[in-house]
Amino acid sequence: MHFYKDKKRHVITTQTEHKCVLDSCCYLQQEGFKVTYLPVKPDGLVDLEKLRTSIRPDTGLVLVMMVNNEIGVIQSMEEIGEICKEFNVPFHTDAAQALGKIPIDVDKMNISLMSLSRHKIYGPKGVGALFMRRRPRIRVEPQMNGGGDWWR
């Protein structure tokens, strides 16, 4: 969001996201960004029509967890991705709980960014990965500096 802050000042996420996503959204709010926290339906799924109507011209990112870490609900990723594609809004998903458990197709789901955590598949804690789509290019800023340009 920082890279696009001159044009994109709005983020959409859900009220049931992982604490790390909710904390990041709170941080963005403290910097003047607007965040819409969508409620979920009784079954835990995102209301797709509420998502659609929440997208604004300045929406820069939609964040929806693929599989909820507390209740296990699997979101309608293809439909969410289709809405994001329709409005040309990047779509990020936290797929830490999904990796190795359900099929993930970043093209079919129109995922722009996907966070993964190694310890969810019996790897060491503190190791993760970020999938970034090449086209359209998503620009990110490092949270820590140093170490070279390996991430570009």
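**Exercise 1. Is Arg-133 buried or exposed, going by its relative accessibility?**

Solution. The structure is a predicted model, in which local features need pLDDT of at least 70, side-chain atom pairs count only at pLDDT 80 or more, and totals for chains, interfaces and linings use all residues. Residues are numbered from 1 along each chain as its sequence is written, and side-chain values use heavy atoms, with hydrogens and water left out.

Step 1. Set the classes: buried is under 20% relative accessible area, exposed is over 50%, and partly exposed is in between, with a 1.4 Å probe and protein chains only. The areas come from the Shrake-Rupley method.

Step 2. Arg-133 has 14% relative accessibility and therefore counts as buried.

Step 3. Find its partner. A salt bridge is a side-chain nitrogen of Lys or Arg within 4 Å of a carboxyl oxygen of Asp or Glu. Arg-133 forms one with Asp-107, at 3.0 Å from N to O. Arg-133 lies in the segment after S6 and Asp-107 in the loop between strand S4 (91-94) and strand S5 (113-117), so the pair ties together parts that are 26 residues apart in sequence. Helices (H or I, at least four residues) and strands (E, at least two) are DSSP runs, numbered from the N terminus.

Step 4. Asp-107, at 55% relative accessibility, counts as exposed.

**Exercise 2. Describe the other salt bridges.**

Solution. Step 1. The structure holds five salt bridges. Side chains of opposite charge can pair when their charged atoms come close.

Step 1. Lys-19 pairs with Asp-23, with 2.7 Å between the closest N and O atoms. Both residues belong to helix H1 (residues 19-30), and because they are four residues apart, about one helical turn separates them. Lys-19 is exposed at 55% relative accessibility, while Asp-23 is partly exposed at 39%.

Step 2. Arg-56 pairs with Asp-58, the closest N and O atoms being 2.9 Å apart. Arg-56 is partly exposed, with 33% relative accessibility.

Step 3. A network of salt bridges links Glu-49, Arg-52 and Glu-86.

**Exercise 3. Which residues form the positive and the negative surface patch?**

Solution. Step 1. Apply the rule: patch residues have over 30% relative accessible area and no salt bridge, with like charges joined within 9 Å and nonpolar side chains (Val, Leu, Ile, Met, Phe, Trp, Tyr) within 5 Å. Lys and Arg count as positive, Asp and Glu as negative; His and the chain ends are not counted. Each charge is placed at NZ of Lys, CZ of Arg, CG of Asp or CD of Glu.

Step 1. The positive patch consists of Arg-134, Arg-135, Arg-137 and Arg-139. Arg-139 sits in the segment after strand S6 (128-132) and is partly exposed at 39% relative accessibility.

Step 2. The negative patch is formed by Glu-78, Glu-79, Glu-82 and Asp-105. Glu-79 is located in helix H3 (residues 77-86) and is partly exposed, with a relative accessible area of 41%. Asp-105 is in the loop between S4 and S5 and is partly exposed at 35%.

**Exercise 4. How many residues separate Met-114 and His-92 in sequence?**

Solution. Step 1. Met-114 is in strand S5 and is buried, with a relative accessible area of 7%.

Step 1. Met-114 and His-92 are 22 residues apart in sequence, with 5.5 Å between their C-alpha atoms.

How values were computed: Areas by Shrake-Rupley, 256 points an atom, 1.4 Å probe, with all protein chains shown as cover.
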